[in-house]
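The following questions and answers are intended for a reader new to this structure. Please consult the sequence and the model while reading.

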Amino acid sequence: MSLAYGRQYLAIPGPSVVPDRVLAAMHRPSPNIYEGALIDMVATLWPDLKALACTRQHVALYIGNGHAGWEAANANVFSRGDHALALITGRFGEGWAMSAEALGVRTERLDFGRAAPVDLDRVADALTADRTHRLRAVMVTHVDTASTARNDIAGLRRVLDDLKHPALLMVDSIAALGCDVMRMDDWGVDVLVGASQKGLMLPPGLAFLWFSDKARAAGRGNDLRSPYWNWEPRAFADGFYQHFCGTAPTHHLFGLREALTMLLHEEGLENVWARHAALAGAVWAAGEAWGNQGAFRLNIADPDARGHAVTAMRLSGDDGTRLRRWCEHEAGVTLGIGLGMAEPGTPAADAFFRLAHMGHVNAHMVLGALAAMDAGMEALKIERGAGALAAAAAAIAQYTPRAA
Ligand SMILES: *Cc1c(COP(=O)(O)O)cnc(C)c1O
């Protein structure tokens with residue numbers, strides 16, 4: 001017996017919910033890749049992609065997932081033997097550092113644990129110690145999807161500028177883009193990595209690199225750049241074919257057109273950010289109430305350091321896994337697994353789980369997911385604080401939409 005029949009909500013932090021409109025836009029016969037509608041449509045994507053990242057600088061698009069985006073960023077910036085500083089607040093920061101290291105970049109790591117954002121003072125100390133400016137880049141996740149810690153990107157730029165350190169600021173915003181505020185140019189981001197399957201509401205398969213004039217100049221002549229990853233032809237194509245180094249990802253591009261129309265031209269980016277902040281606020285309100293009794297905790301204690309796209313949580317023992325299974329099989333909502341969160345001194349891996357609230361998600365979906373979690377904890381006799389659903393509803397009720 002199950003109450004899961006009906007529309008499923010895949011609430012894992014990527015791939016995210018794909019709007020029916022995006023699916024419909026992709027459902028078409030293969031287009032001609034030499035002339036016609038595809039070429040005309042793709043010309044409209046570049047300004048919108050720049051608007052999405054709040055940049056007037058450059059963007060390159062790759063057929064690939066987030067790991068491809070990491071490798072593309074590394075390949076355009078570094079040479080073998082270069083030094084970089086990787087700021088690690090969860091599994092994804094570590095993943096990017098490993099990807100650079102595997103290419104021969106000497107990656108110094110600053111690890112801030114699994115439940116806290118980057119500490120700017122420690123970054124300042126590391127940069128101050130680098131008197132010869134050996135570090136070519138600071139690499140950081142905007143929101144680490146494992147811990148769901150959100151880092152202060154503008155603050156990192158201030159630290160670099162205050163110390164007059166020339167390192168590039170490289171940011172993985174794969175989970176956060178289109179959910180959390182990102183102002184690439186205002187915040188002085190030099191390289192920004194994104195992917196299609198999170199806030200951008202598409203299937204996995206596209207990776208994006210936005211890059212500054214400074215990054216473009218700094219990377220010139222580097223020895224890790226191979227023809228496929230080279231961002232120059234992709235961003236400054238002389239002819240359609242060069243944008244993709246081969247056949248364009250035709251159907252993804254039509255889906256992307258629809259997604260960008262929804263985000264930028266219908267809802268509006270500021271409203272998209274506000275919606276994610278409000279939905280995250282409802283999740284945290286419920287989480288704070290559950291945490292008043294028993295083992296339930298939001299992984300990141302400081303609300304200012306929590307991402308707006310996904311929230312990591314924990315119970316104790318294997319209750320995280322039990323609750324995930326209950327929600328999926330009995331209520332039709334699939335929560336994300338905990339990723340690399342268990343450490344000495346923390347509960348076991350099966351205590352952790354995540355609720356994604358990224359992309360094509362609205363108030364009833366988030367309230368429904370929270371209610372399913374509450375029902376699951378009741379059914380599984382997991383002790384928790386009272387009043388979580390009322391607190392989430394109150395958070396939603398307080399939301400004042402902005403003018404479009
Ligand atoms: C999802 C994600 C990645 C990895 O993306 P893949 O498509 O799985 O390669 C990297 N960084 C962050 C922050 C992510 O959320």
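Q: Which residue does Asp82 meet in a salt bridge?
A: A salt bridge is a side-chain nitrogen of Lys or Arg within 4 Å of a carboxyl oxygen of Asp or Glu. In this predicted model, local features need pLDDT of at least 70 and side-chain atom pairs count only at pLDDT 80 or more, while totals for chains, interfaces and linings use all residues. Residues are numbered from 1 along each chain as its sequence is written, and side-chain values use heavy atoms, with hydrogens and water left out. At 2.9 Å from N to O, the partner of Asp82 is Arg136.

Q: How many residues apart in sequence are the parts that Asp82 and Arg136 tie together?
A: Helices (H or I, at least four residues) and strands (E, at least two) are DSSP runs, numbered from the N terminus. Asp82 lies in the loop between helix 3 (66-77) and strand 3 (83-88), whereas Arg136 belongs to strand 5 (residues 135-141). The pair therefore ties together parts whose separation in sequence is 54 residues.

Q: Is Asp82 buried or exposed?
A: Buried means under 20% relative accessible area, exposed over 50%, and partly exposed in between (1.4 Å probe, protein chains only). Arg136, at 23% relative accessibility, counts as partly exposed. Asp82 has a relative accessible area of 14%, so the word for Asp82 is buried.

Q: Why is the pair of Tyr34 and Tyr241 stacked?
A: Rings of Phe, Tyr and Trp (its six-membered ring) pair if their centres lie within 6.5 Å; planes under 30 degrees apart count as stacked, over 60 as edge-to-face and the rest as tilted. The structure holds nine aromatic pairs. For Tyr34 and Tyr241 the centres are 6.4 Å apart, and the pair is stacked because the planes lie at 15°.

Q: Which ring lies under the charged end of Arg216?
A: A charge sits over a ring if NZ of Lys or CZ of Arg is within 6 Å of the ring centre and within 35 degrees of the ring normal. The charged end of Arg122 sits in this way over Phe112, 4.6 Å from the ring centre. For Arg216 the distance to the ring centre is 3.7 Å, and the ring is that of Phe236.

Q: How many of the 22 residues of helix 10 are buried?
A: Helix 10 (residues 269-290) reaches 32 Å from its first C-alpha to its last, close to the 32 Å expected. The expected span is 1.5 Å times one less than the number of residues. Helix 10 is largely enclosed by the rest of the structure, because its buried residues number 18.

Q: Which residue has a polar side-chain atom 2.3 Å from an oxygen atom of the ligand?
A: Among the residues around the ligand (a heavy atom within 4 Å) are Asn65, His67 and Trp70. A polar side-chain atom of Gln197 lies 2.6 Å from a ligand oxygen. At 2.3 Å, the residue asked for is Thr145.

Note on methods:
Polar contact = N/O pair within 3.5 Å; in protein donor to acceptor, adjacent residues only side chain to side chain.
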